[in-house]
Structures are given as structure tokens and as C-alpha cells.
Amino acid sequence: MVAKTLYDKLWQAHLVTERDDGSALIYIDRQIIHEVTSPQAFEGLRIAGRAPWRVGANFATIDHNVPTTPFQSAADIVDETSRIQVQTLEDNTRDFGIREFGIGDVRQGIVHVMAPEQGAVLPGMTVVCGDSHTSTNGALGCLAHGIGTSEVEHVLATQCLVAKKMKNMLVKVEGDLNPGVTAKDVVLHIIGVIGTAGGNGHAIEFAGSAIRSLSVEGRMTVCNMSIEAGARAGMVAVDEKTIDYCKNRPFAPTGADWERAAQYWRTLVSDDGAQFDRVVEIDAADIKPQVSWGTSPEMVLPVDATLPLPEQEQDPVKRGSMERAYQYMGLKPGMAITDIEVDRVFIGSCTNSRIEDLRAAAEVAQGRRKSDRVKQVLVVPGSGLVKQQAEAEGLDKIFIDAGFEWREPGCSMCLAMNPDRLEAGEHCASTSNRNFEGRQGNGGRTHLVSPAMAAAAAIAGRFVDVREL
Ligand SMILES: CC(C)[C@H](C(=O)O)[C@@H](O)C(=O)O
Ligand code: SF4
């Protein structure tokens, strides 16, 4: 028997047909829908007079456009585009009979937080969403990636997707993680090593003892940023943690179905001797808390580093983008990361807004207060259920006592599509995944960090090593 990778197994289990030119049709088990990338897809169905092929395979929620202050209905959303998109999703899901966790539903949240939380995504599935960070779900041992709006329509209409098999890449992180080093630091370090094009054309499997030691939520943080590493899909093999995570989720199977499913899920690992097109090995001991300094996720360094000198960069293209990044970020080559001052802090996004992220931030914030120079610290849970759990644990009080703001679930300051945004020139310690120019608001300057590092920056008013706090 040929040894297969996890990706090969998932692909083959869903392959409907394959052509000689390599294009294929795969069956999609689950589609997650949000308000930004779905309006034209539903419009297309309407024009063609089609109904969704398997209506129950779809789950919808609102996230990008929602304010993170309480509101009662779409009509309360001030920004017109946002209001229309939220209202349109409500109308479309009602008209087509699709389940939506909408305004006021405690299950509402960021798509990639809501779906695994509900057990809407399970090991072995193919999962798509009109959103690049769909890769998050791969942490459960499924094949999950983003698609475009016309593909959203295609999947709604046919439950299939035209796809091309990607190459296999293995990123192996072996050894024990240092204290204070989290899943976010692991993935930022990986991107620092392989670059934002490192995973192009590949599906990445994250493996090794350091990955196995992470919780399923931590693995989601890692898989979330596969796209920033150039790969559309990232995944982690199923183990007992995966199975425990799925147990008793609202949409997970029960009884004999559960037993049968779990038995199958345990086969969702790469076989011994499976061949990968590319293998990257990383020593866990090399990973320190990370801070991005530039305008690409690969411009990232350990917190105790100093910023790179462009004149030492041999590659003229890289040197050019470094110089541009310095200009945009208002930073000087050679300065220490710990000398970068912070104006706002954002703890949230599909990368880091699950309960364990909030616990990590609260542990740092407990008994401390935000620095006076920091204008705002937003803590935004990934879903209504995360919010509820955090409140049951008293985390909201810890944040409020520290001078942080405790908000309603949504994408918030991860991207400037709702009222939470940076002003020009402001530096933000952010637990999100993208630091492109203007990502968090025009002229805003994003530094990607872990939740603990973000909370520490809020307290100190500049980046500090969370291990020294
Ligand atoms: C709005 C959406 C299409 C987009 C994505 O696909 O990633 C957003 O979620 C993002 O993070 O930039
Ligand atoms: S939290 Fe950010 S990265 Fe995640 S889906 Fe929303 S906008 Fe995209």
C-alpha cells in the first residue's frame, strides 16, 4: 500500500472526478458563509432560478461589518455598506432557508471561531468559505480553504468545487516550547523562516512534538496563518485532543454515529513514510516571543532583537520593500523592538480570540493597569459563546480593571470594515494576522503579536518580553 499524507487522504476521499489536465471536482461537506463575500453568490442563484443543492451543509454568520458595541438590528449600523451587507445576509439566509447565527444569537461570531465551536466543522471534512482564513479549520484534521465569491455560488448550487491538487508540504516543529512562547509565536516564527511565499502551491501539514503539544485552539492559531505563509490550506493530523475537542459539540454526531466517526477520524494522519514535496524542520527551542515590525508578516523578529539594516540585505527587491516598510512604519533600522511605543492594542480576530487566548491576555493584565500612553485596548471575543465563557470566568472584570475595553464579538480592528480602526500613524500591538499598509485603518501601523505579548505591551506602553514581566 502506498503511504499517503493526510492531505492525500482528504483529497482522495472527496474526489468526484479528475481530468487529464489536473483539474478536478471535489465534494464539499461544509460551506461557511459571511456577509462580505456572499451577496453576489446568492444573487447568482436567484438569477439562475437555482436553490442550494444541500441547504443544511451551509452555516452563516455576520462578523466583518458588525460593530463591537451592542446593537439591536441591522438598521442600527451606521456605515451604509456594512448595514446593507448585514441586512442582505439576513434576507438571503431567510429566502434560501440557510441557518444563520445572526444579530442577538449567542452563537454569532467570527466564521472561523463559530464553525469549529459549533462542531459544524469536524475531522475529515472538506470545508470552504469565501474567506482566506478558512485554513483555521484544518487544525481539526480537515481540508479547509478559502474560495472566491463565484465559487461560493458554485458550491451552493452543486456542493462541489473545481479544484487542483496542491503539493504536500510538511512543517515539523520538534522539541519543547520555551516558557512564554505560544502558538502565535510558533506560526510567526515559521513565517519568518519560510517567508510569505514559502508555502505557495502547497497544502501545509504542521507536525512534530511542539505542534502536538498545542491545544486544538493553539493549532487553529497556527493553521489560521497558513495563508500568510503562502499556503491556502494548513492542517494538523487527528489525535485524541482533536477527538476530545469535537465531543459534545452541538453539531457533532452522537451515540453509535459518534463511535464510528471517531474511529474513522483516527485514520486521518499521514502514514509513516508518506512523501512530501517539501519538508521544513524547525527546532522549538529557537522560538522566542515574536513581534512583527514591517508591513508583511515575514517581517517579524524575536522581541529581544533589533530591527534589520537594509544595507545588509543582499536581495535588492527585499531591500526595497524593507525601506518602504521603514517609511510606512515610521521606524529606524537598528532600533530595539522593545523601544517601539504602542498607541492602541487589539486582542481579538480569528487568529487569537478563543477562550484560551483571552485567558492568556487576562493572566498578564491581572492586577495591572494599561499605560497612560496607550489610548485604547480592545478585547474582542471571537463569538458570543467565547464572551459568555470569559464572563463566567471573570476575565471581563480583569480586563476592565486594567483599563481595557470589553466588546461584543466580531472581526473588529483586524481590518478596517467596522467602526474599530486605527488612526494614521498609530502603532498597534495586534493579535490579528495581517500587517499590510492600511489594514487596520488608513496609515495605521500594525505589529503582530500573541495575546500575552499584546497585553504586556498595553501595560508597558511599548513592546516588552512577556517572560520578563
Ligand atoms: C473579507 C474577506 C474576503 C477577507 C479574507 O478573505 O481574508 C478578510 O477576512 C481578511 O481577513 O482580509
Ligand atoms: S478576524 Fe480578520 S482575518 Fe479573521 S476573518 Fe475577520 S477580517 Fe479576516
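This briefing covers the nonpolar core and an annotated cysteine site. The model is predicted. Its largest nonpolar core has 143 residues. UniProt, in an unreviewed entry, lists Cys350, Cys411 and Cys414 under "binding site".

**Nonpolar core**
- Val345, Ala361 and Ala457 have the most contacts inside the largest nonpolar core.
- Helix 15, residues 451-460, gives the most to this core: 9 residues.
- Both domain 1 (1-288) and domain 2 (290-468) supply this core, each with at least three residues.
- Beyond its neighbours within four places in sequence, Ala361 is in contact with Ile347, Val379, Pro451, Ala452, Ala454 and Ala455.
- As a general background, nonpolar side chains in soluble globular proteins tend to be buried together.

**Annotated cysteines**
- The "binding site" positions from the UniProt record are Cys350, Cys411 and Cys414. They are spread over 65 residues of sequence, yet they cluster in space, with a largest C-alpha distance of 8.8 Å.

**Cys350**
- Cys350 sits in the loop between strand 15 (344-347) and helix 12 (355-365).
- Cys350 counts as buried because it has 27 C-beta neighbours inside 10 Å, and the cut-off is 20 or more.
- Leaving out neighbours within four places in sequence, Cys350 is in contact with Ile110, His112, Val113, His133, Thr136, Asn224 and Gly382.

**Cys414**
- Cys414 is in the loop that runs between strand 17 (405-406) and strand 18 (427-430).
- Cys414 is buried, since 29 other C-beta atoms lie within 10 Å.
- Apart from neighbours within four places in sequence, Cys414 is in contact with Gly348, Ser349 and Ser432.

Terms used. Residues numbered from 1 in each chain as written. Chains lettered and ligands numbered in written order. Predicted model: local features only at pLDDT ≥ 70, side-chain atom pairs only at ≥ 80, totals over all residues. Core = buried A, V, L, I, M, F, W, Y, C linked by C-beta atoms within 7 Å. Buried ≥ 20, exposed ≤ 12 C-beta atoms within 10 Å, placed from the backbone. Helix = DSSP H or I, 4+ residues; strand = E, 2+ residues; numbered from the N terminus. Domains from an automatic or database assignment. Contact = placed C-beta atoms within 7 Å. UniProt positions renumbered as here; feature names shortened; annotations may be inferred.
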